[in-house]
Amino acid sequence: MEHQLVIVLDFGGQYNQLIARRVRECGVYCEVKSYKTPLEELAARKPIGIIFTGGPNSVYDEKSPHIGKEIFDLGIPILGICYGAQLMAYTLGGKVSPCDASEYGKTDTHYDHSSVLFGGIALPETATSWMSHNDFVSELPAGFRTTATTSKCPNAAFEDASRKLYAVQFHPEVNHTFAGLGMIDSFVKNVCGAIGDWTMAGYAKAVIAQLREKIGDGKVLLGLSGGVDSSVAAALLAKAVGDQLTCIFVDHGFMRKNEGDEVEAAFKDSGMHFVRVDAKEAFMSKLRGVSDPEQKRKIIGEEFVRTFERAKKDVGKVDFLVQGTIYPDVIESGAGDASTIKSHHNVGGLPEDVDFEIVEPLRMLFKDEVRKLGQELGLSPLLVWRQPFPGPGLAIRIIGEITDEKLDTLREADAIFREEIANAGMDKDISQYFAVLTNVRSVGVMGDARTYDYTVALRAVTTTDFMTANFAEIPYPTLALTASRIVNEVKNVNRVVYDVTTKPPATIEWE
Ligand code: XMP
């Protein structure tokens, strides 16, 4: 069954992805498309509604994104947000002017409850909205009326209900706007007529059916890292095409304790061909004597590509390559959901003469939606809730040269830290947490004897985008217990420190 669709038309705002996600929270499927998407293409998708996003520009700037009037004649309900609201007003003959002083942040907003957006929800007549604009709509186009105001913005919301055109200057998609989700829900349900029947279970079913149709009896290859995204993509493809799928899992030997086996166990009985390449020796032999972080990364990257290539040869001809790309990875929105590979795409080290298609079944989803989908598909919680893990693995968490002994030491220390964080019930609140084996040795005392052993550093951060991060405020008793267990249970470690630097200036990983 075709699902009802709302299209978010992207004008370059920072919250585009969030708007799409909010619409899905209302139980309606949603996709983000570039504002450059041809009108016929948009109309052909038969959306029940369109939402214009915000954007950093000014409608009067020639270079800013514009849109033809015709979109307003399609009869499809439209909600304009921020720049999208100004664009709607400007395109339909209203006037947009610069603010005397820009309006930014939480703003008292007075709502007219006779608007369908604001009337049917628990929203006081005056409530907080989140504003971020330098221009405002100073004159409405013909047929529109004002439905919200602030002290600085006479048209904080406006509409022409007869044409199903709605606009808000503020951002209903961010949590700071009181009842913002309710406003979006009102738009999609009461204006667009959404049934709200979109669920992750339904989505999984629909995607599986689409994949089956697309792939037919073709052969599919997937490079499995054991991370959430590639694991969920693998589970999806396994359900869709079963034994036409081959997953190659390059085990470089730098996974955390038991992780390689857990990945293998999770996929062994799924019907797909699962190839685990044990490449530990090859990686270690290339890394012997190497201590420079960049060189380590380079060697691991190259060896990974070579190993994947060798394993791929055994699979024979492949028609599709699956990638676990998720929405935040998609740089250019509006691109099609399948494209022929180009030589500069370095996907698990593809040679330049390949001519198979890339399949990206998670392209429209956010991380937490991917996890939900994984749960829906019955994927092991170990994989669904796995924290991000760098491709080079523990190799970049051992400062300096890597040895088997150091790997063992780090694996044990890291496992203890993870266990204690889970015992403290903090595992889902901290974005990433791990142990690092520094190459600092220091003096300690154990029993009556002097020791001269390694220092383990614990790193735990909270972040939303991994570009900036704070260190996690782990309670002292948890840190104390972790430190005590590590020095007692792990050989060659006599000191544990906690890393309390933010990113920037530090990075999350130590190498
Ligand atoms: P940094 O250390 O740059 O890390 O603050 C930011 C995030 O990226 C992860 N990371 C990697 N992920 N391959 C990956 O797939 C890599 O080479 C790599 N290096 C860092 C890191 O774990 C953190 O989540």
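## Backbone features

Helices (H or I, at least four residues) and strands (E, at least two) are taken as DSSP runs and numbered from the N terminus. The model described here is predicted, and local features need pLDDT of at least 70, side-chain atom pairs count only at pLDDT 80 or more, while totals for chains, interfaces and linings use all residues. Residues are numbered from 1 along each chain as its sequence is written, and side-chain values use heavy atoms, with hydrogens and water left out.

In the loop between β4 (78-81) and α3 (83-91) lies Cys82, which has a positive phi of about 55 degrees although it is not a glycine. The bond from Lys503 to Pro504 is cis with omega near -15 degrees, and the bond joining Pro504 and Pro505 is cis with omega about 10 degrees.

## Helix packing

Axes are lines fitted to C-alpha atoms, for helices over the stretch in contact, and angles run from 0 to 180 degrees between N-to-C directions. The axes of α7 (residues 228-241) and α11 (residues 367-376) come within 10 Å and cross at roughly 40 degrees. These two helices are therefore oblique to each other, given that angles under 35 degrees count as roughly parallel, over 145 as roughly antiparallel, 65 to 115 as roughly perpendicular and the rest as oblique.

For α13 (residues 404-423) and α14 (residues 476-489), the packing angle is about 150 degrees and the axes are 9 Å apart, and α13 and α14 are therefore roughly antiparallel to each other.

## Ligand surroundings

The ligand is surrounded by Arg297, Pro390, Gly391, Pro392, Gln432, Phe466, Lys503, Thr507, Ile508 and Glu509, where a residue is near a molecule if one of its heavy atoms lies within 4 Å of it. This shell divides into four nonpolar, three polar and three charged residues, with Ala, Val, Leu, Ile, Met, Phe, Trp, Tyr, Cys and Pro counted as nonpolar, Asp, Glu, Lys and Arg as charged, and the others, Gly among them, as polar.

A ligand oxygen is 2.6 Å from an N or O atom in the side chain of Arg297, a polar contact being a pair of N or O atoms within 3.5 Å. A nitrogen atom of the ligand is 3.1 Å from a polar backbone atom of Gly391, and an oxygen atom of the ligand is 2.7 Å from a polar backbone atom of Ile508. Taken alone the ligand exposes 500 Å², of which the protein buries 68%, with accessible areas from the Shrake-Rupley method and a 1.4 Å probe.

Key:
A polar contact is a pair of N or O atoms within 3.5 Å; within protein, one must be able to donate a hydrogen and the other to accept it, and residues adjacent in sequence count only if both atoms are side-chain atoms.
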